[in-house]
Amino acid sequence: SLISQSGTGINGASLKSYVNGNNISLEQLYLNSFKSSILRSKKLQLTSDSNNDTKLSLEVIEFGFTKSWGISNVRPLIKVKAKLFNSKEVLWEETESISGWTSETASRPIDEWLEDPVRFKKDIAYAFLFLSQLQLQSL
């Protein structure tokens, strides 16, 4: 995954260090959120059967923060891709993203995002849940 940040006083390396230093797995947050969205939508059934030919791939393409409304507030900037495929073809693929214009996600100054890792993780998990729900609408 690419970690990026746009003009708010923290660079990509610092954000990556924060995420890693607080044992926050963006991929795991996305996976858990996607599973939760699937259970709610009932459009797919997940199984861990390794003999099943159909696979689901989830990818965090971009992660960071970008300016939102207001002078110092930022919101998550996240781009994700989900793909359902088998050995013959891609059955479904959907890429979604959120930015500073996405009012459903939390908005605050970057230092407030970074002051509490538990709140950071909770709010980012919510952003991934929102993205997962958007993705599943296209099924």
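**Entry 1**

I began with leucine 15, which sits in helix H1. A reminder to myself: this is a predicted model. Is leucine 15 buried or exposed? Its relative accessibility is 0%, so leucine 15 counts as buried. Phenylalanine 63 is 48 residues away from leucine 15 along the chain, yet their C-alpha atoms are 9.4 Å apart in space.

I moved on to asparagine 23, which lies in the loop between H1 and H2.

**Entry 1: zooming out**

Time for the whole chain. How many helices and strands are there? I found four helices and five strands. Read from the N terminus, the order of elements is β-α-α-β-β-β-β-α-α.

Then I looked at overall dimensions. The C-alpha atoms fill a box of roughly 50 × 30 × 25 Å along the principal axes. For 139 residues, a compact globule would have a radius of gyration near 14 Å, and the chain has 16 Å, which agrees.

Of the 139 residues, 37% are buried. The accessible surface comes to about 7,800 Å², and carbon and sulfur atoms account for 47% of that. I also looked up the contacts with a separation of 6 or more: 67% of them are between residues 24 or more positions apart. On charge, I noted 16 positive and 15 negative side chains, with the centres of the two sets 3 Å apart.

**Entry 2: the nonpolar core**

Which residues touch the most other members of the largest nonpolar core? That core has 28 residues, and the answer is Phe63, Phe65, Ile78, Phe120, Ile124 and Phe128. H4 gives the most, with seven residues.

Leaving out neighbours within four places in sequence, phenylalanine 120 is in contact with Tyr18, Val19, Ile24, Phe63, Phe65, Trp113 and Leu114.

Now for a charged pair. Arginine 108 is in strand S5, which covers residues 108–109. Is arginine 108 buried or exposed? At 8% relative accessibility, arginine 108 counts as buried. Valine 74 is 34 residues away in sequence, but the C-alpha atoms of arginine 108 and valine 74 are 5.5 Å apart. Beyond its neighbours within four places, arginine 108 is in contact with Ser72, Asn73, Val74, Trp113, Arg119 and Asp123.

That list sent me to aspartate 123, found in helix H4 (residues 117–136). Aspartate 123 has 18% relative accessibility, and the cut-off for buried is under 20%, so aspartate 123 counts as buried. Outside the four places on either side in sequence, aspartate 123 touches Ala106, Arg108 and Trp113. Trp113 also turned up in the contact list of arginine 108.

**Entry 3: two lysines**

Last, I compared notes on two lysines. Lysine 67 is in strand S2. Its relative accessible area is 42%, so lysine 67 is partly exposed. Lysine 67 and isoleucine 110 are 43 residues apart along the chain, with 9.6 Å between their C-alpha atoms.

Lysine 81 belongs to strand S3 (residues 73–85). Its relative accessibility is 22%, so lysine 81 counts as partly exposed. What does lysine 81 touch, not counting residues up to four places away in sequence? I listed Tyr30, Ser57, Leu58, Glu59, Ile61, Glu93, Glu94, Thr95 and Gln135. I also noted leucine 131, which is 50 residues from lysine 81 along the chain, with their C-alpha atoms 9.6 Å apart.

Methods:
Residues numbered from 1 in each chain as written. Predicted model: local features only at pLDDT ≥ 70, side-chain atom pairs only at ≥ 80, totals over all residues. Heavy atoms only, no water. Buried < 20%, exposed > 50% of the residue type's maximum accessible area, 1.4 Å probe, protein only. Contact = heavy atoms within 4.5 Å. Core = buried A, V, L, I, M, F, W, Y, C linked by side-chain atoms within 4.5 Å. Rg over C-alpha atoms; globule rule 2.2 N^0.38 Å. Areas by Shrake-Rupley, 256 points an atom, 1.4 Å probe, with all protein chains shown as cover. Lys, Arg positive; Asp, Glu negative; His and termini not counted. Charge placed at Lys NZ, Arg CZ, Asp CG, Glu CD.
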